[in-house]
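Visitor: I've got a chain here that I'd like to walk through with you. Can we put it up and start asking questions?

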Amino acid sequence: MKEKAFQDDPSVSFESCCVVNGERWFFANEFNALCCMNTNDEIVFKGVAPGENDSSIYLFADIKYFDNKIFLIPRGASALIVYDIDLNTFKRYEIEAPSTTNKNPYIDYLKFSIGVIHEGKLYMIPRTYPAIVVFDIRNESLEYETDWIELINDHIFEGEAFFWSDYSISNNELVLACANSDCIVRRSFVTNEYSVQHVLNDNKGFSGIEIIDNHMFLCSRKDGQICNVDENGVVNKLCMPEGFKVERIIGFSKLLKLNGFLYAIPMWSNYFLRININNSQIEVVKNYEAERQGNEEVATCCAWIENDKVYLDNNLAHVIDVYSDHGFLDVIELNTNCIFTKSRIEFMAENGVIIHENKFNSLDKFLSYI
């Protein structure tokens, strides 16, 4: 029986989600907590990232699963954290403090954007950290790759983000769309060498990327324009739907491929879009204007594919929206409940973690649970 979520049990949000045996794993944006949503859609507290403050927000940018371990890629956190599901243990792998400077200034609380696991290695793709950091999962070693920075340096038009939260793997290459330059960075998994392709985009950068049959679909970061770049480098802008607009500087976070379509996941775009891969026609799946009502937050925190459906963490309604090929399907609540709060407070009290009072840790709840 599902535990009741009371009115004063606040909802949580997250930057990324991975699905393991039907359960959704994520790290809360609002505090230090690894969470798992079980098959009954209940949020279960699994533990805290060691060495990180309890009250810190947006600790991790991405979460990945491999070989029964959960990998937490740092955004504001100071280390890569690996959680062993079988042993219920956490392990820290410290990230070196940057010692070099470049045209993109390093911001300590915006280290990485996304992680990519390929052939036993985790590639941590930077937001402002001046390297792509490669973690060898078997050897538990870290390598820092920086050759690509020199290749794009002359094209960088502003600071804050090397890459956003998307990538593609094609022809044995990791392909990344630059957010602060009009460049595509490719890393060969065969030679480990980097190459760069410049795509004209009026210094707007890119966010979403997907490669299909040598055609590269891109989302222009600043204005949300979606384009198709053919194998000869010719840029074809797709016809955006009437009324489309971007509230702030990032239209879409990523492109997700499912059943012959690409789904453009909105950040400050007013529309959630679906692109037909065969004919490049775009249709509006959802208009977020009704829910936004002046709210300046991003529309969705993240999205993922699960059981041939698209799941979106709706940051305006504080729920997970579920879509099938036929449109809207379901809503999953993101409220915590008393069991979650109790287990988290008891864990912190037993382990001597300093607890800061806020809407998640009220004094009356603390006194009733210890």
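Visitor: What percentage of the residues of the chain count as buried?
Guide: Bear in mind that this is a predicted model. Buried means under 20% relative accessible area. Among the 370 residues of the chain, the share that counts as buried is 55%.

Visitor: How many helices and strands does the chain have, and what is its radius of gyration?
Guide: The secondary structure comes to 4 helices and 28 strands. The globule rule gives 21 Å for 370 residues, and the chain comes close to that, so it is as compact as a globular protein of that length. Its radius of gyration is 21 Å.

Visitor: How far apart do the centres of the positive and negative side chains lie?
Guide: Start with the tally: the chain has 32 positive side chains and 55 negative ones.

Visitor: Which loop holds Ser280?
Guide: Most residues other than glycine have a negative phi. Ser280 isn't a glycine, yet its phi is positive, at about 65°. As for its place, Ser280 is in the loop between strand S23 (271–276) and strand S24 (282–287).

Methods. Residues numbered from 1 in each chain as written. Predicted model: local features only at pLDDT ≥ 70, side-chain atom pairs only at ≥ 80, totals over all residues. Heavy atoms only, no water. Helix = DSSP H or I, 4+ residues; strand = E, 2+ residues; numbered from the N terminus. Rg over C-alpha atoms; globule rule 2.2 N^0.38 Å. Buried < 20%, exposed > 50% of the residue type's maximum accessible area, 1.4 Å probe, protein only. Lys, Arg positive; Asp, Glu negative; His and termini not counted. Charge placed at Lys NZ, Arg CZ, Asp CG, Glu CD.
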